[in-house]
Amino acid sequence: MFTYSLSGLEITASADVPAEVEESETTARSAVYQVLASFFGPVDTEHYDRASRGGWAEEIEKAATLLPYAIDTGPEGLSTEMTLEEYAAERARVFSDPSEEDHLLREATYASEPDAVIPQVTREYDYFGLSTSTSGSRPPDHLVTECDFMQYLCFREAATSSDRLRASYRRAQREFLDRHLGTWASLVAVSVSQRSPKDPFMTGVERLASFVRADLAYVTNLLAA
Amino acid sequence: MTTSSREHRAPSSDGPTGLLGGESANSYRARWCWDKVTWGTHCLNCLATCPYRVFSLGNEVAFEEQGGTIDPLSAEIPDMNPLGCQKGGAWSLQLKSEDRVLHPLRRVGERGEGRFEQVSWEEALKEIAGAVVDAIDEDGPESVVFEESVEGGLLAQAPFLRLAALLGAVTLDANGLVNDFPTGQHITFGKFSCASTVDDTFCSDLILLWHSNPAYTSIPYHHFISEARYRGSSVVTIAPDYNASAVGSDLFVPVRPGTDAALALSMCHVILAEELADLDFASSQTDLPLLVRTDTGRFLRERDVSRGGSEEVFFVWDASRGPVAASRDSLHLDGLGPSLRGSGTVELADGTSTSVTTVFALMESRLEGYQPELAGQTCGVAASTIRTLARMVASRRCKILEGFNAPKYYHGDLMERSMCLLLALTGNWGRPGTGIQGLALAGLDGYLLFSMKTKGGAEESARVLDGIDQAVASMRERDPDATDEMLGNQLLALAASSGTSAPPVFFNYHHAGYRETWNRSDWSDPSMEHSFDTYFSEAIRRGWWGGVARPAASTPPRVLFSVGTNPLRRSRGGRTKMLDDLWPKLDKVIVVDFRMSATALHADLVLPAAMQYERVNVQYPITHTLRLSFSDAATPPRGDSRTEWQIFSALARAISEEGARRGISEYADARRQTRRLGSLAENFTLGGSFEDEEAVLDEWIRDSAGVGTLPAGTSVDTIRRDGSIRFTGLGIFATGLSLAADVSPSEVMTAFRWHVEKGIPFPTLTRRAQFYVDHPWFIEADEHLPRHKEPPQMGGDRAFALTSGHSRWTVHSISMGNRQLLGTHRGRPLVVMSDPDASRLGIIDGQEVLVSNDHGSFSAMARVTPRVRPGQLIVYNGFEPHMFKDWKGANEVEPGMVKWLHLVGRYGHLRYLPFGWQPVPADRAVFVDVEPCEMTATGKDGGAV
């Protein structure tokens, strides 16, 4: 069974959301977004442990088992030999700017109209009964939040028995990828590469970009069929 | 859309540069400076939804220009660009008009005295809340009355409709107020939504401008008429006066006012007599082959011939098989060869027999009275012209561009039924370039869904849609042959019976003093066998208007809300009548408007509304353009003005608080449904989810995209970027389904294609385009078939027929305070009359004339012109009463008569649907006299001469 877990978003609507659902191609997609959301989240001991023992690769491989298309799930580049302190410092160097934490992990960084991004993504979340987490300070256009949203949409698609809702969640995934996450995931990789990052961060952003690209193509084909 | 990258153009500081140099140049250039560009449209009741780019500098709108960004459908069809007119192009000037209301105002003198004081929003809302709670407490919520509006956009209307629904108040159906609804089309087709996209006009070979003057009223689309002419199409204007559209026509047919049915029926006569008719089309699409009993004049029904048979199964006479039940699930004949002419005998279930004939035979017999030589004398058109025109219609792909004029005649329904018959006999609907063009609202299904939602979001939308599916499935079980459109109508009727919308005829009869007027037999149709009262009572007694005949006679109106509707200018019956008969009954009259209208001048409280460019909005989506255009907030609202969403959500809160203060937490409405004042504010915003209108609009758009009427993924963000977007579907509700057409991204949308191509039945009693109405009242009135009737002598036996039409310079009275537009015409009301009449009466151009009849009078400046036919006067619509002497406008001479036959209900498709079938007041061909006032023609210096 697959259980969803949101770290950047909270459910606001009084929706009857099941806690878990039988694993499927759709939950596999949800699971990969879940792993990616964790990977780009803040560094703590758990995060570091995974990196130091190759856990990220294992999680991606496990999550992607039922994925309806192929992605790179190999372990290469997803572990580190850095210390926890070095690891945390490297993450900050790669993604943050002096003026803004996680600068390169925010959609507004790449948008032509940065001020418009947060209202836009917030409206997407609102429409599907979600709000950005009140307990954390992660902005709505953060990569983790957007991955969370995709995780949720995929999960709801898998969980619903309504054809109408299934189609609705599916369309929402395509539009969100097409208009938001899919437009800048590859740009993260380009920007990060200019900072000569150490692994697993470089590999992480590359895996993110290729997964999002493949997922968008998949959902687009699914809707066209 | 905000164009931050665009350079801010500062005024030039260079010296003189040619003709326009120095300060003048700077001043001129400063006019064209901007630092922001947004999309705007004006949400006017022309419904054109033209996308404009709005250029702002700081908090001021500098100017606007037509967008011109609409993609062509194909290389063969001209595109819609640029969409717009001078009213839209001058909108920004109106933001600062002198008639703008900028602060909440409370009356301090007598009503209409013109004395107001500025009050705070808190004070104003508290006072209104007090009046509303008083009314509810003492006389029930139906004593609170809202006028429905189509002015100001959906985000102006939705808030007060929402509050009215939550209160259990009454909203007066907009069509019953403005009578734009083509009644004859409804009688014929079971619907009034018959409008194709305007680019479909280009596909016509013959365009009849009949009851329309598109050179004035359809400026954004008029180019399709010219482009069709370049393609070889002929354009014919049929009108009493040689109007602006006639100038660009190939043929002008000057019909006497109110006699269009005679003209149309005479053309039908010619078409049958000369064997030009497309009888296969008529046999398939219409009721012309159906059998009628000669003993009763009623359709032969299954119940007549077999015990337990259906009341709604009808028969044709098959050439080889005799009487055969007509299919209820398809218009296609499928091997049947129905006889159009002739008669036979049918055995009835009770063992007797009766002779039957066909609707066609009866029609043909009736048309004998419309030979061109006879009808020409009635309608004032030469017999040769009638014949020529009939042959043109029969041989070409013909479209009638109708507009909203015919329904405003007392017998407009007969005119329209006759015009539809002309199209039926010539195969002219359901193919590109054909049909009759009125109005159709469709597309933004999210707007309709919103009122059914108890919370926001996709999941709730799915729940609501699932509920609709279940309701439709249940209805389909009872009537397996019903089309989606018929079931949609049933759903709408169901919603209406529990909603707030009510045909205004009942309100006007009981509370606004119209009963006496409508019972004037000398102003009514002479064929009425009984008094209006008798028919009215009969209609009520029979329950034809059950659930919507509200408010009851015993419920006095206490509070009236007018949100941009301006009843004192508009009401047929006149301002004086409203002030004398209705106003004294009202504790509180509340006007929400951005301008000081005639009604605002007589209000107790005037609340300033934000204008377009100061708030987000969209207009009613209509099928003319099939587009949704967005109006953004380019600047903050001026003064203290607010959006209607803000106003009515704050009022909901104030009413909740007032209820709590008085200990009134709940009450029962007229349907014994419990209403809760305590949760009013929370319910208004769906628990706080919709505190602002942008969230509401986003929800409408997303839900519309969800059901497929807008492209997937459309949101307020995408439309803010793109400005205007084409609908991808007409919707799942009855309004959209009634177009009976698919939407293709590369083709014009032609209404009724499903009827012709797929054989999908019409939503009428007979499931065919119905020209025979066997309702006893129609038979009694000899209107069971189309015919001509002279307009009744509304206003008395007077010499002139007064007509009207929308002007070129304003949409209703909206732009009457726009100095730029006022400067493009004489800037005051005109009585347009013919040279010979003026000469005979000693009236000269520019002279003040008195127009009067038994109902009232007004005076205005005469405009003497050869383009108006003798015996006709025209006063164009839109002038405010206070632009006339003594504040008496042209509606003072309009009694506002309604046709008694339109009280018929529960006869197949003749039943109330919101914005649909109902009695509407007539205002065309009112009879008046005209005479010169004292010699006060205006001289060049503005003084009297």
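How many residues of domain 3 of chain B are in contact with domain 4 of chain B? The model examined here is predicted, so local features need pLDDT of at least 70 and side-chain atom pairs count only at pLDDT 80 or more, while totals for chains, interfaces and linings use all residues. Residues are numbered from 1 along each chain as its sequence is written, and chains are lettered from A and ligands numbered from 1 in the order in which they are written.

To answer the opening question, 14 residues of domain 3 of chain B meet 16 residues of domain 4 of chain B, where contact means that the C-beta atoms, placed from the backbone, lie within 7 Å. The C-alpha centres of these two domains are 33 Å apart. Domain 3 spans 196-438 + 756-772 and domain 4 spans 800-893 + 915-932 of chain B, with bounds taken from an automatic or database domain assignment.

Turning to the two chains, 17 residues of chain A are in contact with 17 residues of chain B. On the chain A side, α7(A) supplies the largest share, 7 residues; helices (H or I, at least four residues) and strands (E, at least two) are DSSP runs, numbered from the N terminus.

Chain B also holds an open sheet of 3 strands in the order β22-β23-β26, with antiparallel pairing; two strands pair if DSSP finds at least two bridges between them. Its edge strands, β22 (617-618) and β26 (724-726) of chain B, each pair on one side only. Strand β23 (residues 627-631) of chain B is joined to β26(B) by 3 bridges, and Ser629(B) stands opposite Ser724(B) in β26(B).
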